[in-house]
Amino acid sequence: MHEKRKPTRDSKIYGGAGAPIQHDSAHKHVAGEAIYIDDMPEPQGTLHVYFGLSQRAHARVLRLDLSAITQAPGVVGVLTSADITGSNDISPVGLGDEPLFATDEVMFHGQPLFAVVAKTRHAARRACALARVEYADLPAKLDVAAARAAGGETVVEPLRLVRGDATRALKEAPHRVQASMKIGGQDHFYLEGHIALAIPGEDQDVTVYSSTQHPSEVQHMVAHVLGIESHSVTVEVRRMGGGFGGKETQSNLFAAICALAARKYGVAVKCRPDRDDDMIMTGKRHDFVVDYEVGFDEQGRIQGVHFVFAARCGYSADLSGPVTDRALFHCDNAYFYPDVRAVSQPLRTHSVSNTAFRGFGGPQGMVAAERLIEEIAFALQKDPLEIRKANFYGTDSRNVTPYHQSISDNILPELVGQLEKSADYGTRRTAIRAFNAANPIIKRGIALTPVKFGISFTATWYNQGGALVHIYTDGSIQVNHGGTEMGQGLYQKVAQVVATTFEVDIDQIRITPTNTGKVPNTSATAASSGTDINAFAAHNAAMKLKNRLSEFAARMWNVEPHEIVFSGGQISAGAQTIGFAALVKAAYMARIQLSATGFYKTPNIHWDRAAGKGHPFYYFAYGAAMAEVVVDTLTGEYKVERVDILHDVGRSINPAIDRGQVEGGFIQGMGWLTTEELWWDDKGRLRTHAPSTYKIPVASDLPRIFNVELVEGSENREATILKSKAVGEPPLMLGMSVLHALSDAIASVGDYQICPRLDPPATPEAVLAAIERLRK
């Protein structure tokens, strides 16, 4: 049961939209009672499957000897490409470049070659080591530099965004800076790793429980591999223990192998890789090399920009096309470029195919934009915040993006001004300069950075969602929709919207597991659109039922439907009143349908990739963060002392959940830009594949003072669900403030004369290297 709280938004119900109630599974999470796939009772006779992985980055497979595996204890069988009854391809974009099993050629270290099916997971995993594989090594392109040197083969057609004449603007600008930067990748490090359980049914049917953000894609991929129709595959997801984009396409591999084995052996099959193998086998946030040139005037206003975003995409396309596209979409962050040319280079490399990650390429573009600001500030010896404000987008002018979309909802100047004042930026910056002048070893830094993030799938067809709502005769309500729950509170927000629509307490609403048999053709829960799309679809279904009940009550009381009022669990018209449950029971007796589907598609969006023009985003989310750090210049170690955040979530459906998303997003973004370093050796082997070598932020890394506020009185100017704004991805980029605060501290070593050019991740080693570089 939910804690009873005061009604919100002039409502008489508890737990409706606007109520800061806890996540519906919060108590289960902390008590260990939340059921994940590995907690589900296994059907009798369940088998376990484990992948055998390539030990080369690029090679021909001369011989694959699996005979010793079949003799190992507990082994039931071995699967290879020869066992696939459909297609040996799980490419999410249909390019046929991502086999379930490699055959004659392996393209990255860790690529699946075969899979062992055994009575226990331990037996399957141990047996994989018994394979004997002979390779003939081939040249391997392991990173951006190698891919460029080998000719720059791309996994998809690059994107070009052009507005104005950047070449002319750069040539005529009073000042120019040209350089390059590297931006590191990031592992998703979800608490629950990848897992799937497939249960065969009658005929060709199979039910798959998958830890996935995209149940419909898993459904289609399983059908594709098995060679059956999608109607024979049902995928269900109750919850994930984190996703962050890493379970948008990467779940296909594990679901498909379970379904293939279940089909062959006629029993349930589960797959759960170890954390090490999970990290080795699955894609990450793309790392980039960004070449940039910026021209600007004496006031620091940008005149022209040229960008080249080169990404290590991996051996197949996966989602690298739209990810690198979105990097270009956000290469402006909050700033107007009068003349701009930005080009992507989605490079094919012999590494695991990189994939979606919270922000989907946008963060890398924004980091590059902030580097331009820093370069200008140091070149002109000005406060970076002054340069930021001088280049902010306007609303009536200076408001056209590099992709030719006009911005009409910009609130950043006011938002940043409010944070600058409330967090006392000017006074603190002056005090930090004085501190650094008096302290040769310990240095402090401060930075205030903005965020502008576009909301919508740039693949327009994904901007749609469905829902199914049932009302039972006791007045309880069941909702199913196409979104998936990964800890972000989507189920809770949808329930609050439905509760508000019917004007009943939230305890009467139950959200059921996402299931492709209930709501078909779902979009991935991604692009920060989960609530925008699915809550609106649920609201539309609920409104159909509410209108039916209103019409029935109007006939019952001989009044007009518009006279019927739903309020506080009661339905009334004048002096006549009936409880919600009583009305529902009466409607059932009168044979009124108490089930409805809902559908929503995002309006006013379009995109022409070939032209590099369109209106790909329905609206923008805004925020800003100010960070203060302290750095030991002898070791490069540092602490984040204080962070102040002001973020716009529109008219919040649940302020408690939204605040949690802002806090968590900031910490994850800070981790990406500071401590989370992915490192491959010269043979293409990932060496940071466990928490012992890959450092995500922990409790002690949190800012000592952490002030988070949501913009008060804000409403989305577009007709989103209850005027709310997306909050999944935008807060991640608030972490840029820490990177630039570190840069500010480092710059003090050189008396603020030289741009430190601190590339992320800013590990202590990288910080120390930057300090030594400035000292020279």
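Glutamine 668 sits in helix H17, which spans residues 655–673; helices here are DSSP runs of H or I with at least four residues, strands are E runs of at least two, and both are numbered from the N terminus. The model is a predicted one, so to speak of local features takes a pLDDT of at least 70 and side-chain atom pairs count only at pLDDT 80 or more, while totals for chains, interfaces and linings use all residues. Residues are numbered from 1 along each chain as its sequence is written, and side-chain values use heavy atoms, with hydrogens and water left out.

Back to glutamine 668: its relative accessibility is 12%, so it counts as buried (under 20% relative accessible area is buried, over 50% exposed, and in between partly exposed, with a 1.4 Å probe and protein chains only). Leaving aside residues up to four places away in sequence, glutamine 668 touches Gln186, His188, Phe244, Phe357, Arg358, Glu676 and Leu732, where contact means heavy atoms within 4.5 Å.

Leucine 142 turns up in the loop between strand E6 (132–137) and helix H4 (144–149). Leucine 142 is buried too, at 18% relative accessible area. Its contacts, again without residues up to four places away in sequence, include Ala57, Arg312, His350 and Asp682.

Most residues other than glycine have a negative phi, and most peptide bonds are trans. Phenylalanine 360 has a positive phi, near 55 degrees, and is found in the loop between strand E15 (339–348) and helix H10 (362–380). With a relative accessible area of 13%, phenylalanine 360 is buried. Asparagine 521 also has a positive phi, about 55 degrees, but this residue is exposed, at 54% relative accessibility. Proline 760 and proline 761 are joined by a cis peptide bond with omega of about 5 degrees, and proline 761 belongs to the loop between helix H18 (736–747) and helix H19 (764–775).

On to the domains, whose bounds come from an automatic or database assignment. Domain 1 takes in 26–34 + 464–601, and domain 2 covers 43–138 + 208–264. Their centres, taken over C-alpha atoms, are 39 Å apart. Where they meet, 20 residues of domain 1 are in contact with 18 residues of domain 2. About 1500 Å² is buried between them, with 49% from carbon and sulfur atoms; buried area is the accessible area (1.4 Å probe) that two parts lose on being put together, summed over both. On the domain 1 side, helix H1 (26–31) and strand E20 (514–515) are the elements giving two or more residues.
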